[in-house]
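I have a new structure open and a notebook beside it. These are my entries, in the order I looked things up.

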Amino acid sequence: MSESKLYSYEVSFKGNRRDVYCSQHKIKRGDYVVVNVERGFDAGKVSFPKIISAIDAKILPKIYRLATREDLERISRNHEKEKNAFRICKERIIEYKLDMKLVGVEMQFDGGKLTFYFTSPQRVDFRELVKTLAGIYNTRIDLRQIGVRDETRIISGIGACGRTQCCSACMSGFKEISPQYAKDQQLSMNAVKNCGNCGRYLCCLAFEEDSYIEAYKRIPRAGSYFTSAEQKRGEVVFVDIFKERIQVKFIVKNKDEKPTTQYEWFDMEQIKSGKVEEIRHFQQKGKENGVI
């Protein structure tokens, strides 16, 4: 292959499963392609082409060819077979009294494999079910137990933002997300608000986490204490990483000697001229993330 004509493409398969392949041909986003897989061929839709190096091309699997009209018709027929297989498998699950929830079915493009995705709170002995399905379809049967995040990706849905949830729309894998991400981004610690349709923390929290960690190298975190150049000491209650400023809460006494609360904003120059006291938890986290 000529190094100047190498491109990589993300290919989406049934159930929002994704992988990256390369080709020496330019392929439009939304086109269907046939790709080599273990023991056969599969088909999917392409997106996000970009030029890659010859070294990277050697690592990535290759796109076999663009899908023809006959291939598209076959894909459509496979979808109908998947619906039928879903119904039959669900009936057998009930018949064998298996503690499992069928989530989706995916037929490989060439019919060489039929994959059934399911969830279950425990391990399931589905050997008899596999034998039954193999006898019906005369092909390789793969029963794959998945977690709630994969289940949500396969089913898809709309997130709190009003758009298709990230795991279904653009993500190729999951990242572990902890409650600390919500703290770093100054979100409410209400787990319901910070969780997606899967009941786990929102994947989009991971998209912005690095920006907040980078900002905290220059700006104190909420919960820190700040002493201004005028020697007024207060607690940082909000950090605006975009305008690089902090909001500080001061407790002051009025004429009647009663304490009142005041809030003031301080920009980066004022922060530098003052003094910041990070609490121990933040100091330790800063060291772990390379923050001084």
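**Helix α8.** I began with α8, residues 204–215, and listed its buried residues: Leu205, Ala206, Glu209, Tyr212, Ile213 and Ala215. For me buried means under 20% relative accessible area, exposed means over 50%, and partly exposed is in between, with a 1.4 Å probe and protein chains only. Helices here are DSSP runs of H or I with at least four residues, strands are runs of E with at least two, and both are numbered from the N terminus. Looking down the axis of α8, I found its buried residues within an arc of 160°, so they line one face of the helix. The arc is taken from the directions that run from the helix axis to the C-beta atoms. An α-helix has 3.6 residues a turn, so residues three or four places apart point the same way.

**Ground rules.** I noted that this is a predicted model, where local features need pLDDT of at least 70 and side-chain atom pairs count only at pLDDT 80 or more, while totals for chains, interfaces and linings use all residues. Residues are numbered from 1 along each chain as its sequence is written, and side-chain values use heavy atoms, with hydrogens and water left out.

**Cys203.** Next I looked at Cys203, in the loop between α7 (191–194) and α8. Cys203 counts as buried, at 13% relative accessibility. Leaving aside neighbours within four places in sequence, I found Cys203 in contact (heavy atoms within 4.5 Å) with Arg149, Met171, Phe174 and Ile177. Met171 is 32 residues from Cys203 along the chain, and their C-alpha atoms are separated by 9.1 Å.

**Cores.** Which residues have the most contacts inside the largest nonpolar core? I got Met100, Leu114, Phe116, Leu129, Leu133 and Leu143, in a core of 18 residues. Such a core is a set of buried Ala, Val, Leu, Ile, Met, Phe, Trp, Tyr and Cys residues joined through side-chain atoms within 4.5 Å. Two or more residues each come from α2, β6, β7 (113–119), α3 (127–137) and β8 (140–145), and α2 gives the most, with 4. There is also a second, separate core of 14 residues, including Ala215, Ile246, Phe250 and Ile271.

**α2 against α3.** I then checked how these two helices pack: the angle is about 145° and the axes are 11 Å apart. Axes are lines fitted to C-alpha atoms, for helices over the stretch in contact, and angles run from 0 to 180 degrees between N-to-C directions. On the α2 side, the contact is made by Asn84, Ala85, Ile88, Cys89, Arg92 and Ile93. On the α3 side, I wrote down Leu129, Thr132, Leu133, Ile136 and Tyr137.

**Asp240.** Asp240 sits in strand β10, residues 233–240. Is Asp240 buried or exposed? I have it as buried, with a relative accessible area of 12%. A polar atom of its side chain lies 3.1 Å from the backbone nitrogen of Phe242. Beyond neighbours within four places in sequence, Asp240 is in contact with Ile219, Arg245 and Trp265.

Arg39 is in the loop between β3 (32–37) and β4 (40–51), and counts as exposed at 61% relative accessibility. Lys97 is in the loop between α2 (69–95) and β6 (101–107), and counts as exposed at 75%.

Methods:
A polar contact is a pair of N or O atoms within 3.5 Å; within protein, one must be able to donate a hydrogen and the other to accept it, and residues adjacent in sequence count only if both atoms are side-chain atoms.
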